[in-house]
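Visitor: I'd like to learn how to read a structure like this one. Could you walk me through it?

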2 protein chains.
Amino acid sequence: MIDPTTLPEPRFVEVGARDGLQNEHVPIPLEVKVAFVDALSETGVREIEAGAFVSSKAVPQMGGSFEVFENIRRKEGVKYSALVPNEEGLERALEAEVDKIAVFTAASETFNQHNINCSIAQSIERFRPVVARAKKARLGVRAYISTAFYCPYEGHVKPSAVLAVVDRLVALGVDELSIGDTIGRAAPFDVRVLLESLLRRVRVETVYMHFHDTYGMAVANALTAWGEYKVSGFDSSAGGLGGCPYAPGAGGNVATEDLAFAFAASHGRVTLDFAKLKAATSLLEPHLGHAMPSHLGKLVPKA
Amino acid sequence: MIDPTTLPEPRFVEVGARDGLQNEHVPIPLEVKVAFVDALSETGVREIEAGAFVSSKAVPQMGGSFEVFENIRRKEGVKYSALVPNEEGLERALEAEVDKIAVFTAASETFNQHNINCSIAQSIERFRPVVARAKKARLGVRAYISTAFYCPYEGHVKPSAVLAVVDRLVALGVDELSIGDTIGRAAPFDVRVLLESLLRRVRVETVYMHFHDTYGMAVANALTAWGEYKVSGFDSSAGGLGGCPYAPGAGGNVATEDLAFAFAASHGRVTLDFAKLKAATSLLEPHLGHAMPSHLGKLVPKA
């Protein structure tokens with residue numbers, strides 16, 4: 001039986017203000033986004049993805065990311081990162097004084113075409129100067145690999161397809177990988193199969209698991225990665241933001257509070273403040289047009 | 001790594017019509033309950049808990065259980081069971097021609113007092129003639145043990161408390177045990193700790209795990225019991241019925257479709273029909289006053 005005292009402290013990357021919000025269809029006012037990020041800064045989380053320097057035509061919700069970075073109160077000890085698709089985006093990110101950037105590709109060609117309109121190889125070539133310049137500027141670089149288990153167009157994605165992308169990203173010099181179960185279709189079995197081979201290639205500290213809770217398996221997957229493979233990095237979204245709960249294949253990111261609760265219940269060391277997380281999501285809720293989908297968010301009066 | 005082909009076929013006990021409905025506050029008309037049970041009979045599930053012969057003052061929703069049993073179409077190969085608290089209830093259950101009965105106690109004294117107004121020892125003494133008579137009538141007997149991990153009043157419940165109750169129930173001659181995480185507070189770690197000792201005392205075939213999804217850990221717990229301990233029996237509720245999703249500590253039973261999906265995604269053999277499950281819950285939804293809380297139930301058009 002796994003001894004939880006031998007397991008690493010979970011490290012959360014809060015992606016609610018980016019991956020979460022960009023999938024919400026109601027435009028959120030700048031001051032609410034800023035207040036949300038500021039509130040997240042108080043929860044004890046170490047890293048907040050606060051925006052994306054992408055085309056505001058393609059992703060309207062991320063249009064005000066520069067202004068978000070301009071207006072947030074940066075808290076000591078918290079990293080503020082942003083998604084960056086290309087050199088132009090990097091320019092804006094540098095101007096905005098982000099602490100870290102994230103590039104993004106996928107393990108499925110069809111998904112990558114639909115998502116960013118180029119092949120995987122093309123996306124990686126596009127990152128080459130971005131990563132080089134970011135590293136010169138001493139920014140950390142994360143790389144998202146979407147559809148690392150299942151693709152909404154191609155179905156099951158083989159670990160070999162993920163590993164091929166990992167190898168290219170590592171060769172570019174990225175510092176960490178976020179392995180995404182974009183449609184929330186993976187089961188712990190799939191997590192085991194992928195991690196068995198992935199962890200032979202990269203150090204476990206560089207791996208972040210990025211689960212969506214579409215089918216209710218995100219917590220099971222995270223506990224498997226942590227308990228059986230000592231993965232400590234997890235992306236999550238306050239309130240389970242992201243993806244309309246009524247759209248097929250678009251379940252939200254796993255909720256930060258649900259994941260934190262599950263780790264704490266499993267005797268993991270969790271220092272996030274649940275009341276402050278609730279306070280952060282409460283700022284957004286009146287603007288969203290729906291309740292937060294997280295399990296803990298539905299409990300009253302508190303977790 | 002666990003080889004899923006070595007794992008047993010999951011067996012579901014559908015408790016939506018009893019544990020689910022009894023926690024719904026809106027009275028459901030008899031004909032809807034009957035239609036719900038009939039629709040569940042078509043899903044491929046082997047056992048349906050269709051009612052409870054308890055005081056209709058204490059549990060108004062179960063008041064019409066006799067009429068439910070009178071009016072359902074019994075499907076070949078499906079067992080229809082009912083909760084029975086005492087000899088009077090057993091009389092009614094026998095009259096209603098149930099296939100199986102279930103008695104219920106708890107591992108926490110305080111919870112048992114609140115729930116059925118007697119000590120654990122008293123409840124077990126009350127079951128003695130019930131079980132004896134049921135066995136004479138060749139009915140199967142299940143025993144529920146609530147709060148087998150956490151109690152809303154006492155907090156963490158020690159495995160030794162559960163085992164003490166198990167020993168007494170086994171001595172009475174019950175055929176199977178339903179181990180309940182009543183408030184949905186257990187993590188896979190707790191499941192491992194309990195099963196390590198429980199399975200040294202009873203055969204794994206007699207064990208059913210009964211998880212609630214209050215905090216989002218039910219699927220993780222079920223996959224742990226199945227994948228690591230070869231437990232194959234699981235209670236679940238179509239749609240995740242049961243417990244108002246907005247009341248603290250009252251999360252619904254894990255949804256049958258979420259659990260079935262997770263097992264199927266884990267390469268378990270699952271023969272439940274998802275479309276028919278959706279059809280069954282769709283009959284109830286207009287009467288409930290809220291959407292089904294299951295993950296799959298929120299996806300459109302289908303799982």
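Predicted model: local features only at pLDDT ≥ 70, side-chain atom pairs only at ≥ 80, totals over all residues.

Visitor: Which residues make the contact?

Guide: From α2(A) come Val32(A), Ala35(A), Phe36(A), Ala39(A) and Leu40(A), and from α11(A) come Ala279(A), Ala280(A), Leu283(A), Leu284(A) and His287(A). Sorted by class, that is nine nonpolar residues, one polar and no charged.

Visitor: Now the two chains. How do I read their relation?

Guide: In general, two copies of a chain are related by a rotation about an axis and a shift along it. Here, chain A is superposed on chain B by a rotation of 180° with 0.0 Å of shift along the axis, at an RMSD of 0.0 Å. That is the relation of a two-fold axis. In chain A, the C-alpha nearest the axis belongs to Ala220(A), 2.0 Å from it.

Visitor: And how many residues are in contact between chain A and chain B?

Guide: Chain A has 31 residues in contact with 30 residues of chain B. On the chain A side, the elements giving two or more residues are α8 (188-198), α9 (218-229) and α10 (256-265). That side divides into 20 nonpolar, five polar and six charged residues.

Visitor: Why do you say the copies meet through the same surface?

Guide: Because 97% of the interface residues of chain A are also interface residues in chain B.

Definitions and conventions
Residues numbered from 1 in each chain as written. Chains lettered and ligands numbered in written order. Least-squares fit on C-alpha atoms with pLDDT ≥ 70 in both. Contact = placed C-beta atoms within 7 Å. Helix = DSSP H or I, 4+ residues; strand = E, 2+ residues; numbered from the N terminus. Nonpolar A, V, L, I, M, F, W, Y, C, P; charged D, E, K, R; others polar.
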